[in-house]
Structure formats: structure tokens, C-alpha cells
Amino acid sequence: MNWTDANQKYLSLAIARIKSILAERLAEQGQTLDDELMTSVQPVAEIERSLQTLEAQLSTPPALIQLSTLFGLSEFEREVLLLCTGTELDSAFTLLLALIQGDPQRNYPTLGLALSYLANPYWSALTPDAPLRYWQLIEIGAGRSLTASPLRIDERVLAFLFGAQHLDEAFVGLVKPLRVHDPNSSTPASLVTSHQAVVQAAINTWMYAQTQNQPFPVLQLCGGEASDRRAVAATICDQAGLKLHGMAIAALPEGAVAINRLARRWQREAMLSQSALLLEWEEYAASGQNREFVVSQFLEEIHAPLLISSRERQTVGDRDLVTFEVALPTVQEQVQLWGSTLKLSPDQLNSQVQRLVGQFNLNAQMIRSTYLSVLGQMNPEAIASPNSLIEADQLEPLLWHACRVQTRSRLENLAQRIESRSTWDDLILPDAQKDILKDITAHLRQRIRVYQDWGLGAKSKRGLGITALFSGASGTGKTLAAEVLAEELRLDLYKIDLSAIISKYIGETEKNLSRVFDAAEAGGAILLFDEADALFGKRNEVKDSHDRYANIEVSYLLQRMETYRGLAILTTNLPDAIDRAFLRRIRFIVQFPFPDLSHRVAIWQRMFPPQTPTEDLSFKKLARLNVAGGNIRNIALNAAFIAANADEPLRMKHLLAAARSEYSKLELPLTEAEIRGWV
């Protein structure tokens, strides 16, 4: 007989024993049982022998014994539980209860009946602090008095006694099972080496607590990706012989009573199913809402195995909290993940993967998702043959583009993505400035070789970020230069308005900046912080707390820029307003001069595509307009609309009308010297 069948037989015998005890007590009182009840009653001593024999045959105790041990039930409490169980399972049982209580409508167990008919009774078994009610094993219905109120077994407890394991209905929609993925899953089951080390350290922590006969400390998993933290948590629990369930802290209720009830309910579930709970902080960390107090209360009330998953370290409650960093896989681990996913040989790894790993910081799940998205773009013949897929010329650009798309979603709500199609030919600058911009591209392309292969980044990450300051008047090409860099490097460009990020509330500016950098980290996108003057100003003597915190905000931004694995650019129209102490921490400074006459001619020459219908345009005359490239583009675009509306080729007269409008907007006079000979 398997355990499930044996367990159900044991439960049936235990219920039959209680029924026989009740029948014997009735007989002692001189009451006669009808034939249906008599046929269902066996001698108590015979049933007890059968129970002992069956229990001895089982290597794993029956669920009733397990439950009694888990919750410390006395013999009387266990028989009260069986009294309630028999009512649910045996129709003869309900007939017997109605006969005992002398009322066909009162065919349910009560405390009064249990105290009168069961062995070793005591009143305190039904107090709120006693196991039956504290762990919500039974429920007390409405009645005239406590002793006359109906008793009912909890549905989850009844399922456990049957040997069935399912999640308590109270947690449906609140928690979800988290498992170690099998080989056929979209996420590989095996963890990278650095994550395996975290698992082993966490297991050691719990083992030490167990040897000291202490409660398990709360394990806090921080950093990296939520999917990695889940995988590490699931592996920890799998190796500890525990099932893992996850719950967002958004699911925690408000109010001490509700928190206490939920915590007690979960602890019961954890004991019944041998489970641990992973509290996931992500939703509230992203929204900025504060739930530390609620979480602290929950942790204080619960004593089952607990883990916390959060990008940032949290300090909650007085429980022992052991923190482990679950960082993204190392560069070498990512190379191995790409190799195993793409089935590349060591020789192919160098050429196909090194640049991807140098730019994109992805975990196993993201690498797998990227690969699957590329497969969707390949022809069936390439998909059917891995070798032909690897050798296909389009693989590397497809992978690169898929990585860009994979990492975009986190930044989309925090910054404005700028689609770039500009090239070096579109950027009209003196050679000195162009050389600096080309140096920036070289630093981005070669950072893995210099920092890792050559070892220059081994000692510290501080100062390894590539930072730049673009300074110059409005319209001189600062944003265009960022677009050229993005196009050259095949990276996404995101524009962040610093004036919108700065908050008057202390600490909020740093949180806003942290969200931007954290979201950008995986893809290494180019971050363009516009209007840096909103934050960077010459530091004056600190006169109040606002001045002190303003300096902290600047220092935090510079610190994150210095450790960011991509390129972070600040733009300013007022370079003299930025303190020299700040400038020393920026690697590249590019000054965008106001374009001279020759540069303005070159800008005008590149302004109109070949398909634009033009007639008798003089770029030398147009270059006499003393405006920057941004204003030149506005004039050219407005003139094109004027010409199109007149159904004419673009002529100097259209550009004159557009120039007048642009100068009016700038509140500048349009001189005769600038427009002489135009029309």
C-alpha cells in the first residue's frame, strides 16, 4: 500500500474510533442505536490495534500524526479535530451527533459535546491562544453560546489530513510558487558560478542557525536582476528541502490586526507545506512608495523561513537580516552563457560574443530571450541548422539589435529615446572637437580590452565610467554630436531633462537619478543629461541645509556617472557657471563653438537632401545669417513648408520669409547686410 492510500485508511480508522467512542458513551446512557449506526460502529480496542499496526508500517507518519506534532496538539485537541473531520466525511457521523444532542438539526460538533464525550477534556483547548484556534485549524460558527456553537475544520487542514497539498485559498492571487527551472524551461536551471556561491553562503547561514537551535534569519537578496534573485532564492530553498512562494509587498495589508492574521495564516501554510516565502520589493521600489513599517510588522509576526528580494538594501524590523549581493553574471560568465546558448566554439566566442558582452550587461534569462527573438527573424533553413545560423553574416547585427531592444523597456518611462540617423558628415565642427568625439568612441569600443584584458580596471570601478561635458550655446550641435556617437556605436540615446529630475524634497533627486542609471545599466545606452546648469552651479559657501543637500545631489550624480558602464553626457549653455572641482571629475570636455562663416556654409550645404526641389539657392549668401546650426535647421524646415504650400521649388524668397520668422522668435533684428541680394 502506498503512503497516500495508507494515510487515508489511517484517517478513516481514526474517525471510526471517535465514532465508536461516542456510540459507547450513548450505550452507557441507555440509548439504543439504529441498525445503520450499529453496522458502522466497531469496537474501540480493535480499531486502536489497527491504527498501531498501520502506523508501524509507514516510513513517513500519517498526516494526522504530522499535524499533531507540527502544532503541538494534545490528545483532546486531536480528537476535537477528528470530531470535526468526521462530520465532513461520514454521514453516519452526523446522524450520531444529532442523536447525542437530541435534535435532528443539531448534527454538528460543539465544544459542549466534546467536553462531555471525549477523553481528558479541558476548557482552554478552545481559547484563542490554544493551537486549534491560534493556527485556525478549526472555525467556530455562530451560536447561542460558545459551548453550543458549531465547530468546523478548516478546508486547508482537511486537505492536509487527506494527504493533498495545495495552496491555502487565502493566498490565491497573493502568492505564487517559484521553482527551480527544469531543462526544458526558457531559463536554464543551472546558476552561474557567482550565484552558486551566494546559494552556498545562504545555505551555510541557515545551517548554522539550525545547529544553534535558533530561528532561520531572514535572507535578503539584493542587486542585479529580479529574475536572478528569484532563481537564487528557489535554489536555496530547493537545497534546504523547502518549497518557495513569492509575494509582492504590495499584497501586505494595512493595520496590525490584518498583518497578524495574514502572518499567522502564512506560517501555518509554511508548516503544512514545508515552504519559504520570498517578499519581492520591486513594485514599491520602482514607485517610490514606502512600506518599511508594514514589512517590519509582518517580519515580527512570522517565524517561518523568509527571504527578501530587492534591488536596494532594506532595513526592516528587528529580525536578524543577512544580506547577500546577487550581482549580474560576470563578463566571463556572460561569455559562457552566450556560448552555451548559441552553441559556439571557443574560437567563435572571441569574434561573435566579446563585443556583445562588452556593451550589454545581461543575465541568463535576458540572453535566452534575445536569442529567441533573433531566431524569429531567421529563415527556416538557418534555424534548422545551428552551424549555418552561426556563420550567417546577419547574426552579429541581429544579436546586437536584439540586445538593444531587450534592454529598452526599463528606460522608456524615465527618459526620451532619440532615434538617430546622423553621421560624422552631418556634424560640422572644428577638427579639434571632432577628434575628442572620436576619442570617446575609442574609449567605449576598447574599454573591455583596457579595463579587463589589460587589467587597468581591476582595483576599483571608481572613475571607469566614460563621462563627457558638451558646452556651448543653444543650437551649436551638442545633441547632434550625441546622435552621431549613438549612430556610430550602434547604441540607443536617451535624453534626460535634469530640471524635471531635481526635487525639492531631500533625497528624492538621488532616487530619481538612481532609477535612471539602474534602468540604463543593462544596455549601456548613451545618457544625455540636458540642461546641466539646473544642477551644476558654482558652489558657494554653504549657508543652509538646502545648499548642503544640493552639493550632495551633484556628488551623487558624478559618482553614478563615474561608475556607469556606458557613456554619460552633460550639456550646458553656461560652462562658466560650473565649478572647476566638478569639471575635474569629467573625462572629456567638448566646447561647441558658434559656427563661423565657413562652417555655416557647410551646414547649409548639408541641410537639403538630394530629393528636395531647390532653385537658385546661394549657400554663401545664406551663411551670412549669424545663427547657429539649430536655427539654420529651423529656417530650412520652415522654408520647405512655405514652398510646399505654394507648390513651388524651394527658393531664396521662401528662406527669407522663414528667416524673418526665426529672427522674430529670437527677438533679434534681421539686418540688411545679412539678406542683401537674396531676392
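Is Arg-156 buried or exposed in this predicted model? Arg-156 is buried, with a relative accessible area of 2%; buried means under 20% relative accessible area, exposed over 50%, and partly exposed in between (1.4 Å probe, protein chains only). The model is predicted, so local features need pLDDT of at least 70 and side-chain atom pairs count only at pLDDT 80 or more, while totals for chains, interfaces and linings use all residues. Residues are numbered from 1 along each chain as its sequence is written, and side-chain values use heavy atoms, with hydrogens and water left out.

**Figure 1. Salt bridge between Glu-269 and Arg-156.** Side chains of opposite charge can pair when their charged atoms come close. A salt bridge is counted here when a side-chain nitrogen of Lys or Arg is within 4 Å of a carboxyl oxygen of Asp or Glu. The structure holds 25 salt bridges. In this view, Glu-269 and Arg-156 meet through their side chains at 2.9 Å, N to O. Glu-269 belongs to helix H12 and Arg-156 to helix H9, so the pair ties together parts that are 113 residues apart in sequence. Helices (H or I, at least four residues) and strands (E, at least two) are DSSP runs, numbered from the N terminus.

**Figure 2. Network of salt bridges formed by Asp-154, Asp-168, Arg-265 and Arg-268.** Arg-265 and Asp-154 form a salt bridge of 3.4 Å, N to O. Arg-265 is in helix H12 (residues 256-273), and Asp-154 is in the loop between strand E2 (151-153) and helix H9 (155-162), 111 residues apart. Both Arg-265 and Asp-154 are buried. Asp-168 pairs with Arg-268, the closest N and O atoms being 2.8 Å apart. Asp-168 lies in the loop between H9 and strand E3 (175-178), whereas Arg-268 is in helix H12, so this pair ties together parts that are 100 residues apart in sequence. Asp-168 is buried, with a relative accessible area of 2%. Arg-268 is buried as well, with a value of 0%.

**Figure 3. Aromatic cluster of Phe-71, Tyr-134 and Trp-135.** A pair of aromatic rings is described by the distance of the centres and the angle of the planes. Rings of Phe, Tyr and Trp (its six-membered ring) pair if their centres lie within 6.5 Å; planes under 30 degrees apart count as stacked, over 60 as edge-to-face and the rest as tilted. A search of the whole structure finds ten aromatic pairs. The ring centres of Phe-71 and Trp-135 are 5.5 Å apart and their planes stand at 50°, so the pair is tilted. Phe-71 lies in helix H4 (residues 63-71) and Trp-135 in the loop between helix H8 (131-134) and strand E1 (138-140), so the pair ties together parts that are 64 residues apart in sequence. Phe-71 is buried, at 5% relative accessible area, and Trp-135 is buried at 14%. Tyr-134 and Trp-135 form an edge-to-face pair, with 4.9 Å from centre to centre and 85° between the planes. Tyr-134 counts as partly exposed, at 28% relative accessibility. The charged end of Arg-264 sits over the ring of Tyr-134, 3.9 Å from its centre; a charge sits over a ring if NZ of Lys or CZ of Arg is within 6 Å of the ring centre and within 35 degrees of the ring normal.

**Figure 4. Arg-490 and the ring of Trp-400.** The charged end of Arg-490 sits over the ring of Trp-400, 4.7 Å from its centre. Arg-490 lies in the loop between helix H23 (478-489) and strand E11 (493-497). Its relative accessibility is 27%, and Arg-490 therefore counts as partly exposed. Most residues other than glycine have a negative phi. Arg-490 has a positive phi of about 55° although it is not a glycine.

**Figure 5. Asn-213 and its positive phi.** Asn-213 is not a glycine, yet its phi is positive, at about 55°. The residue is found in the loop between helix H10 (193-211) and strand E4 (218-222). Asn-213 is exposed, with a relative accessible area of 73%.
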